[in-house]
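Q: I'm new to this structure and would like a close look at one part. Could you walk me through the residue annotated as the active site and what lies around it?

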Amino acid sequence: MRYLSPNSKLVLASHNAGKLREFSTLLAESGITVLSAGELDLPEPEETEDSFAGNAAIKALAAAKASGLPALADDSGFCVSALDGKPGVYSARWGGPSKDMTLAMERVHREMGDNPDHRAFFVAALCLAWPDGETQTVQGECHGTVVWPPRGTQGHGYDPMFVPEGETRTFAEMPESDKNAISHRGRALELFLKRFIEK
């Protein structure tokens, strides 16, 4: 097991500004500086695995090898019970070539039809990769229900159509701090900080 030292630099293997902001906030307390793959002009590798952990590893390894720094990748998705766990690892692709999440949410709603089962959950797998090819992975989940129509303007992705257990607000109606405290990504990051950062 390898550990990141506080105050080290880490590449976030993502070109998504929302994710960069979220991870920078969540990692700020440990003193780790987060650089994005976008800032470093790193290419986005093809995600060819059928699991969240597998896709996170592809992205993290590509960024670590290209940058020469440890890299963190997250692969996350929205899993709907009535759709047998779809869109799952294809969550972003349900938005079409432009990754339009309004279209993706409309497709979930359309395919659910009048199914009374509104259970859903978000999954986030985090993979820490080193330039020599070593990887370490953790996974977090947040369970709740699908709502329609979408509500709220915070967050990203499927956040406006998901109400976590014990809440009446969608993820997109919550301040970032409230969402981070219970989200799949927040839970995965909590495990990441416990296991992979030097105390």
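A: One thing to know before we start: UniProt positions are given here in the numbering used for this chain, and such annotations may be inferred rather than shown by experiment. Also keep in mind that this is a predicted model.

With that said, the "active site" annotation in UniProt, from an unreviewed entry, covers D75. Look for D75 in strand β3, which runs over residues 71-80. Is D75 buried or exposed? Buried means under 20% relative accessible area, and D75 comes in at 5%, so it counts as buried.

Now, what does D75 touch? If you skip the neighbours within four places in sequence, D75 is in contact with E47, S51, F52, N55, A56, K59, V123, A124 and A125.

The side chains of D75 and K59 make a polar contact at 3.1 Å. The pair also counts as a salt bridge, with 3.1 Å between the closest N and O atoms. This bridge links distant parts of the chain, since D75 sits in strand β3 while K59 belongs to helix α2 (residues 52-67), 16 residues apart.

How many salt bridges does the model have? The count comes to 12. Another one joins the side chains of K179 and D159, at 2.7 Å from N to O. K179 lies in helix α4 (residues 176-182) and D159 in the loop between β5 (135-146) and β6 (162-164), so this pair ties together parts that are 20 residues apart in sequence. Both K179 and D159 are buried.

Let's step from charged pairs to the nonpolar side of things. In soluble globular proteins, nonpolar side chains tend to be buried together. Here, the largest nonpolar core has 19 residues, and L4, L126 and F192 have the most contacts inside it. The elements giving two or more residues to this core are β1 (9-12), α1 (17-27), β4 (119-129) and α5 (184-196). Of these, α5 gives the most, with four residues.

A second, separate core has 18 residues, among them W94, M112, A120 and F122.

Finally, have a look at helix α1. Its buried residues are G18, K19, E22, F23, L26 and L27. Why do they end up on the same side of α1? They cover an arc of only 145° around the axis, which puts them there. An α-helix has 3.6 residues a turn, so residues three or four places apart point the same way. The buried residues of α1 pack against β1, β2 (33-36), β3, β4, α4 and α5. That list brings us back to β3, the strand where D75 is found.

Terms used. Residues numbered from 1 in each chain as written. Predicted model: local features only at pLDDT ≥ 70, side-chain atom pairs only at ≥ 80, totals over all residues. Heavy atoms only, no water. Buried < 20%, exposed > 50% of the residue type's maximum accessible area, 1.4 Å probe, protein only. Contact = heavy atoms within 4.5 Å. Polar contact = N/O pair within 3.5 Å; in protein donor to acceptor, adjacent residues only side chain to side chain. Salt bridge = Lys/Arg side-chain N within 4 Å of Asp/Glu carboxyl O. Core = buried A, V, L, I, M, F, W, Y, C linked by side-chain atoms within 4.5 Å. Arc of directions from axis to C-beta.
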